[in-house]
Amino acid sequence: MTMKKLLCIFLMCCTVFSLFTFTSCDKNDADGADSVTLPQNVTPETEELYPEYIPDVLDFENEEITFLVMGEGYNSAAWRSQDIYAETDSDDPIVSAVYRRNMFLEEKYHVKIREVTSDSPGTKAQNSIKSGLDEFQVLMCNTAGTISLMQNQLLLDLNSLEYTDLTQPWWDQTMRENCSVAGKNYFATGDISIMDNDATWVMMFNKLLAKNYGFDPYKLVEENKWTFDEMHKMMMTAAKDNGDGIVKWGDDTFGMSTHHSTCEAFFYAAGLSVTKKDSSDLPYFDSTSAHTDYVVRVLEKSISIWGDDSVMFASDGVTTHSKETQEVFESGRALFLAEVLQLAIRLREMDVDFGVLPFPKYESSQKNYGHFVHSTTALLSIPITCKEKDKVSALVEAMAAKSMYTLTPAYYDVVLTGKAFRDEESADMLDIILKSRTFDLGGIHMFDWGNVGSIFPESVRDGENTYSSLYKRSISRATTTMNRDINKILSDN
């Protein structure tokens, strides 16, 4: 069943049934659970999957399990963790889902779930672990912080824990496959968190401007014609100077409003990745001419789009604050807005209707769309200082499983039911986006060995297509750095 159909069912049923009543044990709640609308990968409550390998006799004896999470000062209030702990129930769907999920787990396993926030969670975790403290049993650090912990051998291999099974549907399988090292996974994401969704890079568009110019990007997606070229043609048509011949972010209308991270979006949208995996599940750099030639072609087209400042407003080079990216779009002076999905929620007060789109393919012959996840996301890991690692892994597994029926539906509710996106088609687009995300160990948001992951986006920004020579010059040093890191990570595990 498509998200569009699921959404319709939800809208019809929401006046009768509460999304979260399944956590109660009385008969009325159980009866209502069958009508809960869930995302595509979630079955109705009567078919709820739960990790049977977690023993029913598991008892924490009212012990506190503490999660270290990101606080408001990490980036902004928008990136403060909201998916791990809730003190009380709320009318907010996400807060309520977290609260009710945790109450279920606390009652079932006699445990107390707690969180500690930090504006620098990676540094705080590293200091704690190196001091030998077991003060945080589960970590939800930002990407850079998690990668640093992994490099310093401070994280457990999640696959080694008795009750963790990353092949289950409540874990992100693309991350499991792309970010493993010799069969070991030191971090994960999935239904347990909404941060990976929020940090996914997407495209939004002004529906009024699109209608005025006769554009129908939804149809282009449906017909597999949504490409770089089609997007660029629309951008050039929509861009308008106010008459003074000078490009001004405060007055003119642009084809797209964004900032430098879109330079990376071009790369992943074309189906590319910095590293691949060999038969031993180890990362390597593709040095074939076919790979390099394709990157060069993608880069050439990306530069032509990015470099035209009469149609592209990139806040980095014009103002000192990226908030102007949002302001230009909100004021109706940009056809497209490229940003993280979380911004769509912040745009809920925007007067002009907007929709969401996948970032276009490089060319229609490309098999899948591609979307990267920004480093602002939180990744789950367990520190080596966790004394009851298997017991904690059972709780984390149960939390992830229960989140598939609580937190994920709540997230879809917030994003899709009129509070963010304004149309039914956006639901289908969201499905495409979240199913085509990629995670890349060698990318700029992870290890970026030898700065190879930075070559493409920096070349787009600089407007110079010297990728082949830079890649050739960097690959040896990058490989040495990568092998050193991998050997260190695996040496004591």
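Me: At 28% relative accessibility, as what does Arg100 count?
Reply: This is a predicted model, in which local features need pLDDT of at least 70 and side-chain atom pairs count only at pLDDT 80 or more, while totals for chains, interfaces and linings use all residues. Residues are numbered from 1 along each chain as its sequence is written, and side-chain values use heavy atoms, with hydrogens and water left out. Buried means under 20% relative accessible area and exposed over 50%, with partly exposed in between (1.4 Å probe, protein chains only). Because its relative accessibility is 28%, Arg100 counts as partly exposed.

Me: Which residue meets the side chain of Arg100 in a salt bridge?
Reply: A salt bridge is a side-chain nitrogen of Lys or Arg within 4 Å of a carboxyl oxygen of Asp or Glu, and the one made by Arg100 has an N to O distance of 3.0 Å. Arg100 sits in helix 3 (93-109), whereas its partner, 11 residues apart, lies in the loop between strand 1 and that helix; helices (H or I, at least four residues) and strands (E, at least two) are DSSP runs, numbered from the N terminus. The residue that meets Arg100 is Asp89.

Me: How many residues apart are Glu48 and Lys402, which form a salt bridge?
Reply: The closest N and O atoms of Glu48 and Lys402 are 2.9 Å apart, and both residues are buried. Glu48 belongs to the loop between helix 2 (27-32) and strand 1 (63-70), and Lys402 to helix 16 (residues 389-403), a link between distant parts of the chain.

Me: Which helix holds both Lys233 and Glu230?
Reply: These two residues form a salt bridge with the closest N and O atoms 3.1 Å apart. Lys233 counts as partly exposed because its relative accessibility is 45%, and Glu230 likewise counts as partly exposed, at 23%. They are 3 residues apart, about one turn of the helix, and both lie in helix 10.

Me: Which strands stand at the edges of the sheet?
Reply: The open sheet is formed by 5 strands in the order 8-5-9-4-10 with mixed pairing, where two strands pair if DSSP finds at least two bridges between them. Within this sheet, strand 5 (residues 254-258) and strand 9 (residues 334-340) pair in the parallel sense over 3 bridges, and Met256 stands opposite Phe336 in strand 9. Two strands each have a single partner strand, so one side of each is left without a neighbour, and these edge strands are strand 8 (312-314) and strand 10 (354-357).
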